[in-house]
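I wanted to get my bearings in a structure that was new to me. Here is my notebook from going through it.

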Amino acid sequence: MRIAQRARAGTSSLRVLHACAELYPWVKSGGLGDVAAALPPALAALDVDTRVILPGFPGFLDAFTEITDVVRLATPYAGERVRIARARLPDSGRYVYLVDHPPFYDRPGNPYAAPDGSDWPDNHRRFGLFSWAAAALARGADRDWRPAILHCHDWHGGLAPAYLAAAPPAESRVATILTIHNLAYRGIFPAAVFPELALPASFYAVAGVEFFGQVSFLKAGLFFAEQLTTVSPTYAREIQTPEFGWGLDGLLRTRASRLTGILNGVDPRIWDPRHDPNLPQPYDSETAPTGKRAAKAALCARLGLAEAQEAPLYGVVSRLTPQKGLDLLLAALPELVAGGGRLALLGSGDADLEQGFADAARANPNSIAVTLGYDDALSHLIIAGADMVLMPSRFEPCGLTQLYALRYGALPLVRRVGGLADTVVDASAVTLAEGTATGFAFDEASPAALLATATRAERLRREPRVWLYMMRRAMTRDFLWEASARRYRELYRHLLGGAPATAERVNAAAIAAGAG
Ligand code: ADP
Ligand code: GLC
């Protein structure tokens, strides 16, 4: 009944509201911001009327135009009225919504933590209010634009499906999807915060938001959202196992028929070596050898590395967290450098890793350059100038950096997990003979396995014809958003039609619709 009502409620165009905490280029801590920037326009190009709701961070309020009130609501959180505003993005003119509540969002630092790196103590309120506002909008708070689907991303919007589940049935006529970008971040808070969330008492249960005696925003979303997705098919399988499940694998197994993996894509407006203003000269797959030589020279000059075109230059652009497996690289670094390797690393995060890489750079200034911090322009130059990009991740839901590396002809050297396994084809005898190899992959999370793979890669780099062939193959593997957006659109259609959106169904429908 609810489903049939929804289908009839649809207008000519399908309306989808995304709830996301980041949006590139204004607020970004990792790949989530890139996805929020690229997926909605890709969906819009497929005639899915897509808007995004964001927390009212200053980075957004300062940049967006035509910010106008949609509604002011009394909330169970703020103790006062909160403003939901509509705004336009300055670059594309697309509409977005902001949950404008300065006491919660007008703070320095990244979206989740203070400048000293510690999580804000009231994050449950900050993202609880955000979820609550997303649910309010999904229930029709903007009388001019009511979505058929609320699509939440990560734990930040995880409570929204719970608020909708708690609303009277007549009002909750919206379908819900939660996309897991990273299961490691579960939005866990002490049980004592539960009364502040203004959910029915019965929701503090295993069949609800409770997670081993605490509250988990992500678990709430995984339990209450009708459909779940994650950002690669392999990660969709992995998270149903204890090794990758962060205690949520049991729940995910029970919801397996509602969980699909859809790969992220590359936004060619931002990542395309043919027109990237951060490179000394543009290049395509034909002109890659000269283009990449120029980029390598520029990168070495900028970072103060002794230039040697013949030396293998490894690039890393990454958050420095245990997820990324860069402790393996740190351990392997002396041998890598002794073998003639160079490293250009850009990243920030864990103090120990920052210190370790900074020390290594001080000891080897000609071979190792470490830039601690966030630098958009330098990230592009590293991806263009490096021969290989290293991602020895312990787990990797999708990974965008290796997709950028492929497109720029910097062959990824990765651990075979999650989206890395799905997007990088290891150079084996078979794939080299077939001409399908695009990079290098290893299984064991050890410095030795990383080194052995680097040695294997270096042997091939010394065969320029083979290397060039791989580079060209990598550069023309189009992991573009259009294909992913088609899969999301199929999923939306299945959801509104009431059918479970299994991976097989979504893929078959997307292929039939021309996703390839
Ligand atoms: P994750 O989301 O887990 O951090 P992804 O590979 O999906 O990993 O996305 C990372 C994104 O963040 C990429 O766009 C990458 O270029 C960017 N990035 C990561 N660290 C930095 C940094 N220090 N400076 C600039 N960009 C960075
Ligand atoms: C997360 C994951 C990363 C993924 C990104 C965007 O941050 O760690 O693998 O690419 O989200 O989905």
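My entries cover the setting of a ligand and then some ring pairs.

**Ground rules.** I'm working with a predicted model, where local features need pLDDT of at least 70, side-chain atom pairs count only at pLDDT 80 or more, and totals for chains, interfaces and linings use all residues. Residues are numbered from 1 along each chain as its sequence is written, chains are lettered from A and ligands numbered from 1 in the order in which they are written, and side-chain values use heavy atoms, leaving out hydrogens and water.

**Entry 1: the shell around ligand 2.** I looked up what surrounds ligand 2 and got 14 residues, taking a residue as near if one of its heavy atoms lies within 4 Å. The closest are His181, Asn264, Glu396, Cys398 and Gly399. By type, I noted six nonpolar, six polar and two charged residues; here Ala, Val, Leu, Ile, Met, Phe, Trp, Tyr, Cys and Pro are nonpolar, Asp, Glu, Lys and Arg are charged, and the others, Gly among them, are polar.

Which helix gives the most to this shell? Helix 2 (residues 31-44) does, with three residues; helices are DSSP runs of H or I with at least four residues, strands are E runs of at least two, and both are numbered from the N terminus. Domain 1 (2-264 + 482-512) and domain 2 (288-475) each supply at least three shell residues, with bounds from an automatic or database domain assignment.

**Entry 2: polar contacts.** I then checked for N or O pairs within 3.5 Å. A backbone N or O atom of Cys398 sits 3.0 Å from an oxygen atom of ligand 2. For Asn182, a polar side-chain atom is 3.3 Å from a ligand 2 oxygen, and for Pro397 a polar backbone atom is 3.5 Å from one. The protein covers 93% of the 310 Å² of accessible area that ligand 2 has on its own (Shrake-Rupley method, 1.4 Å probe).

**Entry 3: aromatic pairs.** My search of the whole structure found 20 aromatic pairs, meaning Phe, Tyr or Trp rings (six-membered ring for Trp) with centres within 6.5 Å; planes under 30 degrees apart are stacked, over 60 edge-to-face, the rest tilted. Phe57 and Tyr105 are edge-to-face because their planes stand at 85 degrees, with ring centres 5.8 Å apart. They are 48 residues apart in the chain. Phe57, at 5% relative accessibility, counts as buried (under 20% relative accessible area, 1.4 Å probe, protein chains only), and Tyr105 is buried at 0%.

Trp271 and Tyr404 have centres 4.1 Å apart and planes at 10 degrees, so I logged them as stacked. This pair spans 133 residues of the chain, and both members are buried.

Terms used. Polar contact = N/O pair within 3.5 Å; in protein donor to acceptor, adjacent residues only side chain to side chain. Buried < 20%, exposed > 50% of the residue type's maximum accessible area, 1.4 Å probe, protein only.
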